[in-house]
Protein chains: 4
Amino acid sequence: MKKIGLVTSGGDAPGMNAAIRAVVRIACSRDLQVFGFERGWEGLLTNTFRRLTPRSVGGILHLGGTILRTSRSPEFKKREGVQKAAETLTLNNVDGLVVVGGDGSLRGALELSRETDARIVGIPATIDNDVFGTEETIGFDTAVNTAITEIDKIRDTANSHERVFIVEVMGRKRGFLALTVGLTVGAEIILVPEVKYSLENIVRTLEESSAKGKKSGIIVAAEGIGDTRKLLREIEEKTGLDVRLSISGYAQRGGHPTARSRLLANLFGNRAVELLLNKQGKRMVGLQKGRITSIELEQVCKTEKSLDLNLLRLAQTLAI
Amino acid sequence: MKKIGLVTSGGDAPGMNAAIRAVVRIACSRDLQVFGFERGWEGLLTNTFRRLTPRSVGGILHLGGTILRTSRSPEFKKREGVQKAAETLTLNNVDGLVVVGGDGSLRGALELSRETDARIVGIPATIDNDVFGTEETIGFDTAVNTAITEIDKIRDTANSHERVFIVEVMGRKRGFLALTVGLTVGAEIILVPEVKYSLENIVRTLEESSAKGKKSGIIVAAEGIGDTRKLLREIEEKTGLDVRLSISGYAQRGGHPTARSRLLANLFGNRAVELLLNKQGKRMVGLQKGRITSIELEQVCKTEKSLDLNLLRLAQTLAI
Amino acid sequence: MKKIGLVTSGGDAPGMNAAIRAVVRIACSRDLQVFGFERGWEGLLTNTFRRLTPRSVGGILHLGGTILRTSRSPEFKKREGVQKAAETLTLNNVDGLVVVGGDGSLRGALELSRETDARIVGIPATIDNDVFGTEETIGFDTAVNTAITEIDKIRDTANSHERVFIVEVMGRKRGFLALTVGLTVGAEIILVPEVKYSLENIVRTLEESSAKGKKSGIIVAAEGIGDTRKLLREIEEKTGLDVRLSISGYAQRGGHPTARSRLLANLFGNRAVELLLNKQGKRMVGLQKGRITSIELEQVCKTEKSLDLNLLRLAQTLAI
Amino acid sequence: MKKIGLVTSGGDAPGMNAAIRAVVRIACSRDLQVFGFERGWEGLLTNTFRRLTPRSVGGILHLGGTILRTSRSPEFKKREGVQKAAETLTLNNVDGLVVVGGDGSLRGALELSRETDARIVGIPATIDNDVFGTEETIGFDTAVNTAITEIDKIRDTANSHERVFIVEVMGRKRGFLALTVGLTVGAEIILVPEVKYSLENIVRTLEESSAKGKKSGIIVAAEGIGDTRKLLREIEEKTGLDVRLSISGYAQRGGHPTARSRLLANLFGNRAVELLLNKQGKRMVGLQKGRITSIELEQVCKTEKSLDLNLLRLAQTLAI
């Protein structure tokens, strides 16, 4: 192993830059060269890269986004695209590749690993935390903290006006973000795509809450639960309460990574390079039982990570 | 003057609690009693208040929202409502009243001053900064900083994905917030309700921006400029660019006030009590030419504060 | 089990209020009464407490500090003090007690458990993270994030002036905080009490760092490593570099808890009440292998938590 | 006027980068070339500069520090140094120079203006706000907010432990920062270099404060008031209270600039270029009566800005 490639793909997540820095510095300390492919899979399709050195990744540890930039690449979804990317690796004598990204990117990494002899290792990085094989992804902790900082502020307004707020957080398919956010802001109600919500239950909870003397209410909802505007109107109709909607937007995807997102980036980056040096591929680095470990990409891609519904029940009890 | 009343009304703004603390402590240091009416004008309509003392306003200086709570009161919009409020003042021997709030609340203060002998002094507090007679309102600086912190994070994602973002900030009728936010985040384009936007100009600016090598773009838009979803689609159609929308929500109204919002609250609160002690009423405290001063409520209510269009032009030049 | 007591003791940590809320709400949902003893062990020595209800712990989840207040109690260090506290529990028919605090407080909990039939359960909460039996304590993540936010700012100044900064963080005996902070800010050098530092190594590292083109340097030092002022002078003498010292102070102990500190507080609080309901005592709740679990207080108190020196080596490699 | 120079000098202040961006973009929009001299006056002494273009100052608006870096230059304090700098301007045909910095840097700007025909315009940027001729300097608002955010956290700990904290903020000679910080955090006592403090008064205030039921106390002290460690011991001796010291360090000099610091940077930068284009020199841009204006450098350097002692008295009343 002499040269390795590095790519960030899919939606960006805070801590991607920290992962880039970690991979590059660990790799260089082991006498590897690192090629940073730009704009996600586009860089592999168009052979666009830059040499990354310990100095060129200086000063980026704390920055959101990714200096390699990223994109969603439709061409890479077809087999010809994947083969072209594999050729780029061969052309440049790159015999190892680290892929930093979420669900879709790791699936792409698996596809690519089937068309190349280069060893591929994935690093899970997404604010959605919806990757099987790791208890936490790079960026998740940052997104949660960004959202709770915002909701702490909304709580001020909710209390002053004695209103109910629906706060929509990211999560089209999965509710990891909404659940953790809801649990840590003390939301009265948490709505996740995994559990069909019942308007009656929501209404009853809000009425009980009001009867207990609570002056305001926070409903944290993942964007994937359906139309929150419609939900708002329905709640207003049934309860007569004054309800507002706040959509917590793209800021969740940016910003300085938290300590935990940086720490995972350092540890995952380190382990990814180690795996390559040990001639292992088709694997993803992950956090399991609180330890850094790795798992086959195949298993990551075919297994759905389960949401801990006990936490949802705990959140309900904590909101009494 | 023995007893004064205090009320926070309309939309809450960060620094209202600091203003409450300032009014109460200054008043008590001058041997006045303070009655805090609750939930905005509702408290005056229903004679609901609590005695406020230097101790009861301890520990609130840095908190968002208002401990007196607030509301929008339709009843107070009618003359009977205003007269009822005036009677509450008489009933309690309250001979001075400090009203903390925005545009509508100050209008209410003026109405009330016409129905009572009690002296009424307004303190401008709103994140919109749309009050004539003061260069800045309590809460404006905080809202601006909340918005720019959010947009700095969005810029990370915009750069990583090389996208254009429309960020909608508060401001139904006026663009003070959007303008200051746009100028201080380095927005490529700023859209305010005061200036009708031209789709052609937006498209041209984005194309020029792209031609100059800018990888991303931020459009800051006040909510009052029209349907930002529609604008997004139109821009996408005309430019082929990937555009996203982020609605910067109610968090702008909450959160710990910035130093400047706290400072204004302290200075305005101090001056408001001084005015009452000097037997002045029907006035609003304000910041003019960088100094604390006061102005007739009548003039505040009949004059529209003008937006400095030079700043809009400066923002354009700074975005080259 | 009908009545349980709750006490926060020792140095405060962000998330203690979240733990109070969790214990109270879980306990009340299981029909327990909760007595909150005030000012740490003092409350047990003087029988000073207040009834805590789901409502009385509303609105505190996100606040730093502890509403029960805390103190360091010399009297409780003697056996008579402990016995007096035990009598207070008997007097009030309190048959379970949850103790929230760090190292010393948990030791106190163990002592107390030897003098009473009431069941005692500890919840580890300290910014130092120096408690055996849990991978993380409540407050640690918040303190780390407060410190790195500060150091990110110092890095700006360090870069602009091309200077070396020594940043002293809390940790009189142990280096958990300094190590995690150093690793996540990309410190050039990390000094912990567990490893005697060598001035020669520091000087060599700084010189190599400078030779590699680094314009600034950050040394993160736990307060327990010795006199940082002296170290500064020694480094300046040996290197001729311009070195500054910044002491990162008590702010690390306060502030809104991060999501992770709140989450641990929720999960630990929940488990603590469950243990009491299952008639278990003399135990501490903890996080082990990423799971909530519990361990005998006896073992917690007699075992020293080890610092992972591999992380120190990783930090060195990452700083190349 | 074809070419202008730009230099940042002295201690860095948040918003210097925003000022650099503003000067460069305004200048380039008026067909001027901009040479950015590096490391403060060093760049003029050694003729080290880089061409700055609208693109090269992209993405820096929100960053702390200064991309041109800065230094304190002893050589420039001698007349030979100043003459050498003047020669560098001549050599490069630079006929205008914008100097961004504090007190000392503006003095340097004045000295330089006496040795060259190039027009010199100063922009006040320092967290100390101690520059005559402007109500506010770039960076001041950011430093104040950084300090109050820290002290809000310390207040949590102070309340939980019922302690008095001395918080030392920057300000070797002047108390602008300490005064504004103290006023906006609700400090019980504010100590500034301009007013000799009396131990007796401090002790009496703390005792009265305690008698009124205040559980904690914050003393904000400028570093220039003397030895705060000694003060701590004296207060502890006289009162028997538990007092702690927290030194608020270099983080005040870094971090993302606040909206206000950015706004001043934009407005000052714009005006500075305008002055040069209008063939004016030996002036400093400033904020007076809330408006952007300019003043002779000569007057800036020979006049001491006065601290508003009324604010100190107001702070005392507000702390009752």
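In chain C, the axes of helices α6(C) and α11(C) come within 9 Å and cross at roughly 25°. That angle makes α6(C) roughly parallel to α11(C), a label for angles under 35 degrees, with over 145 counting as roughly antiparallel, 65 to 115 as roughly perpendicular and the rest as oblique. Welcome to a predicted model, in which local features need pLDDT of at least 70, side-chain atom pairs count only at pLDDT 80 or more, and totals for chains, interfaces and linings use all residues. Residues are numbered from 1 along each chain as its sequence is written, while chains are lettered from A and ligands numbered from 1 in the order in which they are written.

**The helix pair**

- The crossing of α6(C) and α11(C) is left-handed, meaning that the near helix is turned anticlockwise from the far one by less than a right angle (clockwise would be right-handed).
- L179(C), G182(C) and L183(C) of α6(C) meet L311(C), L312(C) and A315(C) of α11(C); contact here means C-beta atoms, placed from the backbone, within 7 Å.
- By class, this contact has 5 nonpolar, 1 polar and no charged residues (Ala, Val, Leu, Ile, Met, Phe, Trp, Tyr, Cys and Pro are nonpolar, Asp, Glu, Lys and Arg charged, and the others, Gly among them, polar).
- Axes are lines fitted to C-alpha atoms, for helices over the stretch in contact, with angles from 0 to 180 degrees between N-to-C directions.

**Around α6(C)**

- Helices (H or I, at least four residues) and strands (E, at least two) are DSSP runs, numbered from the N terminus.
- The cover over α6(C) includes α9 (259–277) of chain A, along with α5 (140–161), β6 (164–169), β7 (189–191), β8 (217–222) and α11 (309–318) of chain C.
- Just after α6(C), G186(C) has a positive phi of about 70°.

**Where chain C meets chain D**

- Each partner contributes to this contact: 26 residues from chain C and 26 residues from chain D.
- On the chain C side, α5(C) gives the largest share, 8 residues.
- That side of chain C divides into 5 nonpolar, 13 polar and 8 charged residues.

**The domains of chain A**

- Chain A is divided into domain 1 (3–139 + 257–302) and domain 2 (143–253), with bounds from an automatic or database domain assignment.
- Their centres, taken over C-alpha atoms, are separated by 34 Å.
- Domain 1 gives 9 residues to the contact and domain 2 gives 10 residues.

Methods:
Two residues are in contact if their C-beta atoms, placed from the backbone, lie within 7 Å.
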